[in-house]
Amino acid sequence: MRGQMVTEYKVRKFPEHFLWGASSSAFQIEGAAEEDGKGPTVADVNAAKRAHLQADTRVASDFYHRFQEDIELFARLGLKAYRFSLSWARIIPDGDGPVNEAGLEFYDQVIDRLKYHGIEPLVTLYHFDLPYRLVEQYNGWESRECVHAFERYARICFARYGNRVKYWQVHNEQNLMIRVDERMNIRAEDPWEADRQRAQMDYHMFLAHALAVRACRELAPGAFVGPAISSTCTYPATPDPRDVWAARSNDRFKTEYALEMYTAGRYPGYYLRYLQERNIMPETRSGDGALLAGARIDYLGVNYYRTLCASYLPADPSHPAGQRQFRGNEVDFDQFGYFRDERNPFLEASEYGAQIDPMGLRLVLNEYYRKYRLPMIITENGLGAADVLSADGQVHDPGRIAYLKSHINACADAIADGVELFGYCPWSVMDLLSSHQGFKKRYGLIYVNRDDLELRDLRRIPKDSFYWYQNVIRNNGL
């Protein structure tokens, strides 16, 4: 097909102790949203609004009650690592009050079971599920009180699990989460006010990340800590220099400004210019700069699904530079004076619209390694599809196998290019709750027998991709 490269067969080598894993998140897989003392989260509240249309967080994939059998299935798959998140509100129901021992004990059991089976736990502290009480008290991340609450939560987790967890991720996709008003609980109707809140929340999350990194060094010495970022790779719509600038700006404003903060502890000049243009510079305090600069990360978790394409979008009197425009979704916003999201005619897309581009993954890994010289692990990469249980009682997903194969090949190419990549964790280990498509859109290697409005028996059924990936792991990617 035009625009796609045919890759010849060759032996592809991965490091000897490469972490072949898979991923999930607490609110999407656990269920038990109101059990054993757990408090409500922003994710719970948002899911409840759509409960008449699709599945919500009350049961999800029911991992909370089935984790032992699920982890045995992960072991059968051959996982070397399992990347998952802790629910802040399961451990501290109101976000900053009494600790819920039942929540701590649940994650004790999960971690111990993983270790028993020789599976390395990769633990994320925060994956889109802020305790809702913090929203009610402080409007969440807009307040510095939320930063202190997060530091306390992180310290509790490091103290409890630090002797068994080697790899920690503080925030999942802060750079994407901050774009989505619903996930941040931004309700302002005025676009300027929404962006002002967004800038302040983003800054406070960076402070929380830095405090968590410092706490990890103190309470879990020898552990590795870093963020998981939503990567972007943007192509110019044409060779017009303005479109080339637009493509670079799209990557900078959606990803690289955050990587600069994580690695250098300060906003880059182009992002400061944007904050000044919009008059939304966040409030800071003395000592913040030293804290941010001193919280150097050990590695990058990279979430990759697709590439983007951009053209230049000029500002005008009605649309000042820096103002956002949402033609499709909040994640792929346009920004006047900078960029406009375009469709790439050279790429095919999944049934849910994501353009499939394994070469983009190779480009991302090479670019991030060139700039930041940090080891990396793929923490999310996968294909969402409307999988069905066939008459033979199996789930045949050749499209997912082709997607994963091409992207694993891209990882091998990046390693051959000199990139230090130490693991690959596709999204997701099993079917789980998709934020806006429920169980219609499935990513899992394991089928969960339920739909949006009927629980059925929640039986776990390995898909064809499960057995294919099992063989990849067994042969270390050869």
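Arg373 counts as exposed, at 56% relative accessibility (exposed means over 50% relative accessible area, buried under 20%, partly exposed in between, with a 1.4 Å probe and protein chains only). The structure is a predicted model, in which local features need pLDDT of at least 70 and side-chain atom pairs count only at pLDDT 80 or more, while totals for chains, interfaces and linings use all residues. Residues are numbered from 1 along each chain as its sequence is written, and side-chain values use heavy atoms, with hydrogens and water left out.

Arg373 is located in the loop between α14 (358–372) and β12 (376–380); helices (H or I, at least four residues) and strands (E, at least two) are DSSP runs numbered from the N terminus. Although Arg373 is not a glycine, its phi is positive, about 50°. A positive phi, near 55°, is also found for Leu458, a residue other than glycine. Leu458 lies in the loop between β14 and β15 and counts as buried, at 6% relative accessibility. In the loop between β13 (421–424) and β14 (446–448) lies Ser428, and the peptide bond from Trp427 to Ser428 is cis, with omega near 5°.

Lys463 is placed in the loop between β15 (460–462) and α16 (464–474). With a relative accessible area of 0%, Lys463 is buried. Apart from neighbours within four places in sequence, the residues in contact with Lys463 include Asp387, Asp397, Asp431 and Tyr443, where contact means heavy atoms within 4.5 Å.

Helix α3 (residues 63–77) packs with helix α5 (residues 101–116) at an angle of about 10°, and their axes are 10 Å apart. The two helices are therefore roughly parallel to each other, a term for angles under 35 degrees. Phe63, Tyr64, Phe67, Gln68, Ile71 and Glu72 of α3 make the contact with Phe106, Gln109, Val110, Arg113 and Leu114 of α5. By class, this contact has seven nonpolar, two polar and two charged residues.

Over the whole protein chain, the secondary structure comes to 16 helices and 15 strands. The C-alpha atoms fill a box of roughly 60 × 60 × 45 Å along the principal axes. Of the 478 residues, 60% are buried. Among contacts between residues at least 6 apart in sequence, 77% join residues at least 24 apart.

Methods: Axes fitted to C-alpha atoms, helices over the stretch in contact; angles between N-to-C directions. Parallel < 35°, antiparallel > 145°, perpendicular 65-115°, else oblique. Nonpolar A, V, L, I, M, F, W, Y, C, P; charged D, E, K, R; others polar.
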